[in-house]
Every structure is written in C-alpha cells, then in structure tokens.
Amino acid sequence: MATPYIGVPVQRREDLRFLTGAGNYTDDLTLPGQTHAVFVRSPHAHARIRSVKTAAAARAPGVVGIFTGEDVAAARINGLPCGWLIHGTDGQPMKEPAHPILAQGKVRHAGDPVAVVIAESLAQARDAAERVEVDYDLLPSVVDSVEALKPGAPLVHDDVAANRCYTWAIGDKAATDAAFASAAHVTTLEFQNNRLIPNPIEPRAVNATYSRADDSYTLHVSNQNPHVERLLMCAFVLGLPEHKVRVVAPDVGGGFGSKIYLYAEDVVLTWASKKVNRPIKWTAERSESFLTDAHGRDHHTRAQLALDRDGRFLALRVDTKANMGAYLSTFASAVPTILYATLLAGQYATPHIHCEVTAVFTNTAPVDAYRGAGRPEATYVVERIVEAAAREMKIDPAALRRRNFIRSFPYQTPVALLYDTGDYEATLDRAIEMADVAGFPARRAEAARRGKLRGLGYACYIEACGIAPSSVAGSLGARAGLFEAGEVRVHPTGKVTVFTGSHAHGQGHETTFAQVVADRLGISMDDVEIVHGDTSKVLFGMGTYGSRSLAVGGTAIVKALDKVVAKGRKIAAHLLEAAESDIEFADGQFRVAGTDRSKAFAEIALTAYVPHNFPHDKLEPGLNENAFYDPSNFTFPAGTYVCEVEVDPETGIVRIERFVAVDDFGNIINPMIVEGQVHGGLVQGLGQAMNECGIYDSGSGQLTTGTFLDYCMPRADDMPSFQVDTRSTPCTHNPLGVKGCGEAGAIGSPPALMNAITDALGVADFAMPATPQRVWATLQQAQRKQAA
Amino acid sequence: MYAFRYQTASSAADAASRLAAHEDAKLLAGGQTMIASMKLRLASPSDLIDLAGAADLRGITVDARGVTLGAMSRHAEVARSAEVQKALPVLAKLAGGIGDRMVRNMGTMGGSVANNDPAADYPAAVLGLNATVTTTTRSIAADDFFLGMYETALQPGEIITSISFPIPKRAAYMKFKNPASRYAMVGVLVAQLADGSVRVAVTGAGPVVFRVAAMEKALEASFTPAAVASIKVPADGLNADIHAQADYRAHLITVMAKRAVEAALA
Ligand SMILES: Cc1cc2nc3c(=O)[nH]c(=O)nc-3n(C[C@H](O)[C@H](O)[C@H](O)COP(=O)(O)OP(=O)(O)OC[C@H]3O[C@@H](n4cnc5c(N)ncnc54)[C@H](O)[C@@H]3O)c2cc1C
C-alpha cells in the first residue's frame, strides 16, 4: 500500500532536471534547416513610418526572408485580439484599436516591431537588420495615463479620442455618496502603483516550423497556455485550421503572467515559417524583453474611506487611471476592472463601494496581468487606506481591521464577489503572535537610541483565485470560459500518465499533481507522470495564471480520477463477481464490502486492457478518462502579513527586519511547495515596494529603465528571512478544498512594507518604490515642514 | 557583436606591438566592460588582444614602500590576497565589494582603471591612496591620471602594466551602492598617508573621481568623524539620475566620508 501523499512535503521531482541542465527550453531546440530571426524595432516612442526600405538588407549575406507591415497587410493578417470585452459606463464597448503584428503606418512605443529579418545565422540576421532603412516622422509622445487624458495630449491611436479605452464602474454610487455624507471621518489618499517589468529568467523564445508534407505548423514557444495561444492565433489572427497547428510550450523558465499572451513575434514567425519554408527561431535579448514583454500595474488612484465615530467602515470610493500601454494585450482590459475593483471589499464588511476605472492608451509597452494582476493593486489601495485611517483616528491598526472583518460566510460583497469561507481573525492572531507585535515598542525605542527609525505595518489581504467560473467571467465580459481540462490514462501495468491543461513554469505541478493522483489512486508517485504544455498531447487547456492550477486544473484531474475509479469498480465487480454497488475503493484496493476479497488497482488496469468476457453492453475495454471542470465560484485565499522595518535616516536605506506571512490557502497538498511559492511571491511584492519601477522618460518616451543597471530587481540580500505559517479554512466548492497560493505573497506584501515604512517615517503619504533617495527626500521634506 | 580577430599577447611589450599594428585593435583584460559593449555593438574592434597570457602583467608584490599590483590582477585575487589584506586592507575590501562573484573572478584592476567608469571603485583607491600608475612608456601620478568621464591620461597604444599603492597610516572606503547596478552611487575613500597628509577621494558622485579639499584640510587638523560631519559638498556638477539627484549624492558624500573616518579609526 502506498503512503498518503496529501499534505506531505515531497521534494520537487522536476528540480533535478532544472538544476542539472537537463531542462528542455525553447531556445535549446534547433531543427534541421534552422534559421534565425531578428526584429527591426522602433527606436522612437511615437512616429509615422514614411518608408521601410529592405533592398540593401535583402542583399546581405545569409538572408532568407524579410517581411514588413506591408507584407502583413497584403496577406490580410489580423491584429492581435483582446480576450476580454469591457463595456463602459456610457454603454459603449471599449475602444479596440488594431494591434498589427508588424507596425503599419505608425509606431506607438519604443520597441514596436517594424520588420523581421530571417537569415541562416543569428549574426547574419543582425547584420542585415542594421541595413533595413526606416524613415520616421517623429510625433510627440505621452507615457503617463493622467497626462494622456488631458486635452491636447498626443493621440496614440488617431481614432481613439483622448486616448480613452473605456471608463468603467462598479458599485452603487448613490449609496456610496450618501454614506460619505454621513461619515464621522474620511481618509483620502492618492496612490501610484508603479509599473513593473516582469523579467523571468528565460526570455520569450519562439521556434516556428512548417511542414509541406501535411501542410501543418509547429510552434515551440515559451508560453503559459499553449492551447489558448493556438486558439487565438488560428481563429483570430492567421485564420489557420486549428488541427493543422501544434503549439508546444516545453520547459518554461518563469512567466509571472508575461507569457500568457499572444505576442506579435509568435504570429510573425509562424506565418513566415511557411513563407520561407524553414524553421525560424527567435529568442528575445534581455533589452527586447524590457521593451516588449507586457508590463504590470501602472495605476494612478485616488481613494477615500468613510468611517463612523467608532471606526466602522461606511463606504469606499475609488477612482483609478490605468495605463494600458500602446495596445490592448490579451487580458489587459480585465486586469484593472474585473480582477481589481471586485477585490476592493478586502476582508471587510464595507457596505458600500464604488469604483470608477479609466483605461488609457500611452506610448509605452502594453500593460497586462503580472503576478497578482489587479488584486495587488486593489489590496494596496484597501490596506494602505485602512492603515492610514487607523493612524488618523488613533485606533490600533489591527483593532480597526478586527472591528470591520467579515465574520459570517458566505458573504456577498457590494462589488460582485461571493466569499465562500474564511477566518480572518485566525490569520491576524497568528501573525501578531509570530511578529511579536507586543515587543515592538521596545524594539522601536532601542532603534531610536541608535538613531534609527523603526516601523510596523500590516496588510490583511484577500484575493480571488481559481480563475474563473465561466458564468461570472462571461457576464463580466470574458470572451471565453475559463474552465480546465484533465485526462488520466491508465496503462495496462497500472502506471498512469496524466495530461493537464494547466502549464507549469516553476510552480511544481509535476510534483503536486502527482501527489494528488497517487494519493487518490493509492499508488506510488513514481508510477505517475504529469504531462503538460503540448496541444498534440493534452486535449485542451486554459493554462496557468490567476493561481488556478490546483483549484481548477487539479479539480479537472480529480474529476477524471473519479471516472477512472468508477470504471474500475465495474471491472472489479465483473472480476469478483459481485454487485458494482458492493465494491469499495480505498488504499489502491477494490474490495467487496465486508469481505477480504479484493483486487489491486494494477490488476484492474491490466484487466481493462486484457479483458476476458467483459459484458460488452456494459463495459468497454481500456481505462482512460478525461474531464473538464468549470468552477462554480472563485476561491478566496486570504491572510495577514506583518512587516517591521528599520530606516537609516542619514542615508534613506530601509532594512526589512521581520516579515511574517500567515496565509489561508485552504487545504495544502505540498507544504514545501506552498512555502516556496509564498517566498517567491513575497520577494516579488517586496521588490515592487522597495526597488522596482519601470520608468519612461516623459520627454522622449524612451524606457529609462531598459537594463538591469537601472531597473532594480530584488536580490537575496535585500530580503529578510521570512517567517511563514498557514491557517486553513478549506474551500467549500472544490473537492480538494484548495484555494491557490501562487500570487498571495506578491499581493499582500507591498502594503505591509509601505505601511511599515510610513509608520517609521511618520508620514501618511509615500509612494512605491521606497528607494533610499525617495526615503531620504521624504524625510528632508518632513524636516523642512517641521522647521517651517 | 561584430566579427573580430582574436589575438593573445605573451607580454606587455608584445601586446603593445600588436596594438600598434592595427588601428582598430583593442585590449581585452577581464572583458567585463569590453565584451558587453561589443555584444551591444557599441564597440567594434578589428582585433582583440587578450592580456590574460601576459605574465609580466600579473602578480602582487608587497614591500615596505607599498603594494604593487600587476594590471591583470583580478578583483577576486586582490580581495583574497593575504598579503594585501594585511598590508593594505582597504584595497582588499574595496576589490571584494566590486560587482558579483563572476565579475570579480574576471574583472581586473588595470581594466577598471583604464576604463575609468565614473561609478567604478578602483579610481577612488588610486586617487585616495596617492598611487602611481605604471604604463609601458612611463609612470603617471594619480592626480594626473583621471581626466574626465571614461577619460584618462593614457595615450593611444599605452598599456597599464602595474599600479603601486603606498601604505597609508590608516584608510577606509565606504561605498553606497546603486540599488540596481551595485556600482558606487557614492564611494568615498579616506586615507591618512604616511606623511600625515589626508586624502578624500570620491567616486560615483561626479563625472570623474575627485578629491574634497575642505574635508582633507579638516581631517589633517583633526582626524575624527566630527571633523567632516558638517562639511557640505556643493551639488553643482554632481551626477543626477533616477537613482539619486545631485543634492542626495552631495549629502551622501558627507555621510560616507564620516563613516569612512569612523571605519579608518576602528
Ligand atoms: C555586472 C557587473 C557589475 C560590476 N560592478 C562593478 C562595481 O561594483 N564596481 C566597479 O568598480 N566595477 C564594476 N564592474 C566593472 C568591472 O569591475 C570590470 O573591472 C571593469 O568592467 C573593467 O575591467 P576588465 O578587466 O573587465 O576590463 P575589459 O572589459 O577587458 O576592458 C575595459 C577597457 O580597458 C581597456 N584595458 C584593459 N586592460 C588595460 C590595460 N592594462 N591597459 C590599458 N587599457 C586596458 C580595454 O581595452 C577596454 O577598453 C562591474 C561589471 C559588471 C559586468
């Protein structure tokens, strides 16, 4: 009998291959006849293209093909689609200007692709690309969403007035206004949620090939959801028959959201591979990643919280300008709406919430979902303003939160979501205990004696994961359902191959999913293989994002396993000559209830493929089942983070002294992997709050932070040793009781850190990232104010 | 990267003659700057002359007068040299704080000084410790060597062979790292030399490493942190970028100088 696997910190089976260089990434693949592509990109933020001359480049050694926007237009290739249709407060659909795969007429951000040069070698492609002459008419550019809305701002798309993609709203405005009118206290804050540049270790990479033998295409691509990539590319852009296109996303070295989307390069290479009848490879250089991977966040927000005399929340009012960049990326329109404003209740029973969001085009790289996607922005607004209100009203921030916690479930928020379960008090209590909040005043006094400023901050976050119940998603504008598919193929020897539509790019699915399967079937994990990332193997998939893999993809597998067991019982009943209803399945044995007569799982599997005298009207040979799972609701991971910092007022350096994370992820399959996900998320969130900021120059529209010399990624020595724990309320609507853990760290940590820093600095308002210069300048300003 | 011819030099003289033979030839030391600029196609030498095989450019010698480092001394070698740690700990520490492990294993003192990046660490040591730069043709005093941003007194074809650092009475280097690049955003080396004179050399803050006369004077009168704590350096002409405005850099010079004095006395 196999040991139980659920809840056990099994080591990640994929790590051996990753750590020993045995991984198989897109760029590792070199096909017979391989050619290489280099994209000619706009050096300007905004310009009209007068001409693109390719004759000199075409004569360069080794050139196999050159294609421009004109070729793309002539081939009637569509622009890239956006997957989510938002309707504005005016009832109109959002503006969806064309997003050509090679620029046509205009370039709209630095890095916009203008032409592709394909050559025998990468060096030859580079040399030739330098000979492509593009004549530009420079136009003024705008990079900031607030500036872009102002009258007279340059228009990114000639036909989108005021650069406004949509203005959308959620919640009851009249009720919110009325609640504000009766408030005893109103806290107002303005926020900037800084633009982030994802930077997975593996840059985007594509290898596209066409086969004349059967008129089919194969696209290897570093991507988080190969089926969606194929669907979008075939159905909406290239008009190719889906069964003639195979998309493979092999080992992928990180994504964080940036590899969900269908990118121009993927489509250009797929199309061109037939044109040149050769496989074409492109791997982004790091500078290209900076310029062209979809960025994250970039919100300007004004928020107001109304409270009564006792600190009870009456209403929350939020106005956000969200920067979309130059074009709508695949999920872009959903991020600042559905994934953001619906989370503004947080953990609190705020009766009235109204949020208005204006999405704005600018001359910058497209902005889309990035680890957390909308939920970090919402949590930042809620948790910063709650902490600020507590300080203004001189109420302990933890007590103020407690006073407003949601305590009975299910709970319908005023912003569309229905929380199924949770226990916010439990995570808060445990976090306070682990962080030794009681000892903080003494630590602060001790730091003060050394001339240092110490601060403590909380964040009680909630997120909606398990994206997404199709009914809800559809009613909110999704153009596709967001279910997941799984298939369990039992081999004659009882070994099992599982095909999942979820995609793993660091999350450890090959381990976690195998634990679930082995545990359910009562077999050894060594007998389970998890396969993902290939449209020719996996029946379908919506891919990995929004912390959905286990809650949605895992559940699809569980449903398929249930079917396998159901069929196994039929086979066992036949073999044991018992009634099907008398067969029990436990610990890998099919047993006639109340007897010692049983058949092991492997025996049943063998029988399925070597059947004798099966009653063919009731029982088919074989043991292979698939299932699709569409969740009935989101899952709602939640928790409390407590951060303690020390600021050196002389230099502005912030040190994170303690960081406590207590999360409720529901049931936990592999606590070690969960802890790893939390650590990674925390570093990403703290990186945003401490260091990272994508900056475009407001004059030239150039990306100032285009290399690691200027874009500051968090390093290990920026981080403290995290203290993490969990408290669980199992999800009520999936069989595993799981909620998802991939994004929590990135969602809860920025406000916790910023609340700690503002506490240390004694200011209410301080924007991310907390770089030494900005901390120092804020202290200088506070001193000047005091002096005046 | 563009195509180029790769050559290896067996000695400094050999390197010099190879360098003279091609107008667009360049030296390759640790390659930590050179290779990156070639990959970005910002540099396109016809010939790259690798100094790694030139034995006369290597070696660390320590005697009563000071420490002499061959130009090809890798940062990691200097950092872990027991002799340097003993005779001139400030230099071992400075070299150990450059970049990351890979950069320190490849990057060289000669390459760093010849390159004269405004945010590099070594220039602060050369100027602050009053070192002498020896080249294939002459000796150059530190005060005459660093001319401007990426600009030095080196003539075309001239190769740094070694640098000699006299032993100071006491010295320390304080580096405020740029949070992103980890180069010096402001680095201050304070040294009280054998003759009692004091040097305060600042890197990272301006277009080129420079000395702060007011601080040197104050420290000659009293080598204490308090002596520099209130000396402000004008922000005019200092570097300003997204990481630090000029006034912040000016402020950090004072803080780092004060902390360097504290460290030198410790
Ligand atoms: C990620 C990273 C981080 C870094 N961090 C830091 C840091 O924190 N502090 C810091 O100071 N530096 C830093 N550096 C720079 C590093 O210290 C290298 O020393 C520096 O790039 C130059 O040294 P090199 O030996 O690599 O020279 P190369 O790159 O080989 O050459 C640099 C230039 O000097 C010329 N040259 C080389 N040797 C000689 C010689 N003997 N005589 C005349 N000319 C010569 C070359 O022709 C070339 O023009 C960093 C570099 C990287 C890549």
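About 1300 Å² of area is buried between domain 1 of chain A and domain 3 of chain A, with carbon and sulfur atoms giving 56% of it. Buried area here is the accessible area (1.4 Å probe) that two parts lose on being put together, summed over both. This is a predicted model, in which local features need pLDDT of at least 70 and side-chain atom pairs count only at pLDDT 80 or more, while totals for chains, interfaces and linings use all residues. Residues are numbered from 1 along each chain as its sequence is written.

**Where the domains are**
- An automatic or database domain assignment gives chain A domain 1 (31–139 + 203–253 + 259–292), domain 2 (299–468 + 633–787) and domain 3 (483–629).
- Between domain 1 and domain 3 of chain A, the C-alpha centres are 40 Å apart.

**Who touches whom**
- Contact (heavy atoms within 4.5 Å) links 15 residues of domain 1 of chain A with 14 residues of domain 3 of chain A.
- On the domain 1 side, Gln224(A), His227(A) and Arg246(A) lose the most area to domain 3 of chain A, together 44% of what that side buries.

**A charged pair**
- One salt bridge is counted between domain 1 and domain 3 of chain A; the term means a side-chain nitrogen of Lys or Arg within 4 Å of a carboxyl oxygen of Asp or Glu.
- Arg246(A) and Asp534(A) join their side chains in a salt bridge, at 2.7 Å from N to O.

**The make-up of the domain 1 side**
- By class, the side of domain 1 of chain A that touches domain 3 of chain A has nine nonpolar residues (Ala, Val, Leu, Ile, Met, Phe, Trp, Tyr, Cys and Pro count as such), two charged (Asp, Glu, Lys and Arg) and four polar (the others, Gly among them).

How values were computed:
Chains lettered and ligands numbered in written order. Heavy atoms only, no water.
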